[in-house]
Amino acid sequence: MSAGVRYEQASRVYPGGVRAVDKLDMEVPDGEFLVLVGPSGSGKSTALRMLAGLEDIDEGAIHIGDRDVTELPPKDRDIAMVFQSYALYPHMTVADNMGFALKLRGMSSAEITSRVAEAARLLDLTKYLERKPRALSGGQRQRVAMGRAIVREPSVFLMDEPLSNLDAKLRVETRANIAALQRRLGTTTIYVTHDQVEAMTMGDRVAVLKDGLLQQCDTPRTLYDAPENAFVAGFIGSPAMNLATLPLVPGGVQLADLVVPVPADVISQAGSRGLSEVIFGIRPESLRLVGEAEDGFQLVVELVEELGADAYIHGKVGDDRFVVRVDGRTPPRIGDNVRVALRGEGETHSFDPATSERL
């Protein structure tokens, strides 16, 4: 039985007035997979723990379905949590670990066995049910922790960095499994990570937090194509968007010896705000190498990251650092002086330097 979640101006204020989560307004519809992402200290884990009842809610309210759970103890909130540490009982078998919470509820052993068997089937754990945790790999232990949450059939799953103890290959595999499993179960899920690639590949929507404040909550594609401020622009995407504060000139912005066109409505908005410069953003894949005769700007290559099919070259233009995605088969070398141009006019982003809001 799934249910939606609603944060209403919810805040967590620590002694000294530190606002770990500041007036969070956010609605998670029934059955959605929402990812909370942000740098360390942004408030994402605190927001999750407020929903779980593990942190106090100092202002505002939180609802699960049609119930106000602000003052309810964790056990009465009908949630199940999966943590970074698996927290399995070492002396119990996998089956006993998965069914332990149901046993505490006084459920019949036949019902426990049935639920554990179904969760084990979903997670490909059937053959490990009689093993102890020490006989399992990290990825298998994480699946047992997931199974322990699934058997409870909660209204909401809460996951706090559940993959951070796994190696890179296993993380990719497990995040695909979690996303597929959530779609099958249809349980509302809120998932915390600091890894924006994880966020972009798993979430129906992604909520970006910084300093306890919600910056933007939208689909991964919208966050990538239309970030609402310079922080989201620089945080979402790997490698990050190139951002530089550039002067406005007739027709666009001045980047070294190139005038980069920006949309007329951006120039008009900048004019109405009295701006003489903007924070200009362009993604590495929106730039390309061109011949000396073409319009562009010069970049001295300082670093080359070769990734097989693609390579990323890093260099400086004036005081600003730029990254350009190039063909991995024939990348420039460190020290080369290359000419760079835009792929298309519609791929730039502009932000107000005072507020960092999108223009």
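Author: Two strands pair if DSSP finds at least two bridges between them. With that in mind, please ask about this structure, which is a predicted model.

Reader: How confident is the prediction on average, as pLDDT?

Author: The protein averages a pLDDT of 93, and 100% of the residues score at least 70.

Reader: And where is confidence lowest, and where highest?

Author: The lowest mean, 88, belongs to helix H5, residues 168-185. The highest, 98, belongs to strand S10, residues 213-218.

Reader: On to the sheets. What is the strand order in the open sheet of five strands?

Author: The order is S15-S19-S16-S17-S18, and the pairing is antiparallel. Strand S15 (287-290) and strand S18 (320-327) each have a single partner strand, so one side of each is left without a neighbour in the sheet. Neighbouring strands of this sheet are turned by 50 degrees against each other on average, direction ignored.

Reader: How many bridges are there between S16 and S19?

Author: Strand S16 (residues 297-306) and strand S19 (residues 337-342) are paired over four bridges, in the antiparallel sense. As for the residues, Phe297 has Val340 in S19 as its bridge partner.

Reader: What about the open sheet of six strands: which order does it have?

Author: Its order is S6-S7-S8-S3-S9-S10, with mixed pairing. The edges are taken by strand S6 (79-82) and S10; each has a single partner strand, so one side of each lacks a neighbour in the sheet. The twist from one strand to the next averages 20 degrees.

Reader: Do S3 and S8 run parallel or antiparallel?

Author: Strand S3 (residues 33-37) and strand S8 (residues 188-193) run parallel and are joined by five bridges. Within this pairing, Val35 stands opposite Tyr191 in S8.

Reader: Which strands does H5 touch?

Author: Helix H5 packs on the sheet and touches S3, strand S7 (156-160) and S8. The direction of H5 makes about 140 degrees with that of S3.

Reader: Changing topic: how many aromatic pairs are there?

Author: The count comes to four aromatic pairs. One of them is formed by Tyr89 and Phe100, and this pair is edge-to-face, with 5.1 Å centre to centre and 70 degrees between the planes.

Reader: Where do Tyr89 and Phe100 lie?

Author: Tyr89 is in the loop between S6 and helix H2 (94-104), while Phe100 is in helix H2; they are 11 residues apart. Tyr89 is partly exposed, at a relative accessible area of 36%, and Phe100 is also partly exposed, at 24%.

Reader: Why does the pair of Phe231 and Phe235 count as stacked?

Author: Planes under 30 degrees apart count as stacked. The planes of Phe231 and Phe235 are at 15 degrees, with the ring centres 5.6 Å apart, so the pair is stacked. Both residues lie in helix H8 (residues 230-235), four residues apart, about one turn of the helix.

Reader: Is Phe235 buried or exposed?

Author: Phe235 counts as buried, with a relative accessibility of 17%.

Reader: What sits over the ring of Tyr224?

Author: The charged end of Arg283 does, 3.8 Å from the centre of that ring.

Reader: Now the backbone. Which residues does a cis peptide bond join?

Author: Ser238 and Pro239 are joined by a cis peptide bond, with omega about -5 degrees. Pro239 is in the loop between H8 and strand S11 (242-249).

Reader: What is phi for Gln9?

Author: Gln9 has a positive phi of about 50 degrees, although it is not a glycine. This residue lies in strand S1 (residues 5-14) and is partly exposed, at 37% relative accessibility.

Reader: And where does Asp124 lie?

Author: Asp124 is in the loop between helix H3 (109-122) and helix H4 (138-150). Its phi is positive too, near 60 degrees, and Asp124 counts as exposed, at 53% relative accessibility.

How values were computed:
Residues numbered from 1 in each chain as written. Predicted model: local features only at pLDDT ≥ 70, side-chain atom pairs only at ≥ 80, totals over all residues. Heavy atoms only, no water. pLDDT = per-residue confidence, 0-100. Helix = DSSP H or I, 4+ residues; strand = E, 2+ residues; numbered from the N terminus. Axes fitted to C-alpha atoms, helices over the stretch in contact; angles between N-to-C directions. Contact = heavy atoms within 4.5 Å. Phe/Tyr/Trp six-rings, centres within 6.5 Å; stacked < 30°, edge-to-face > 60°. Buried < 20%, exposed > 50% of the residue type's maximum accessible area, 1.4 Å probe, protein only. Lys NZ or Arg CZ within 6 Å of the ring centre and 35° of its normal.
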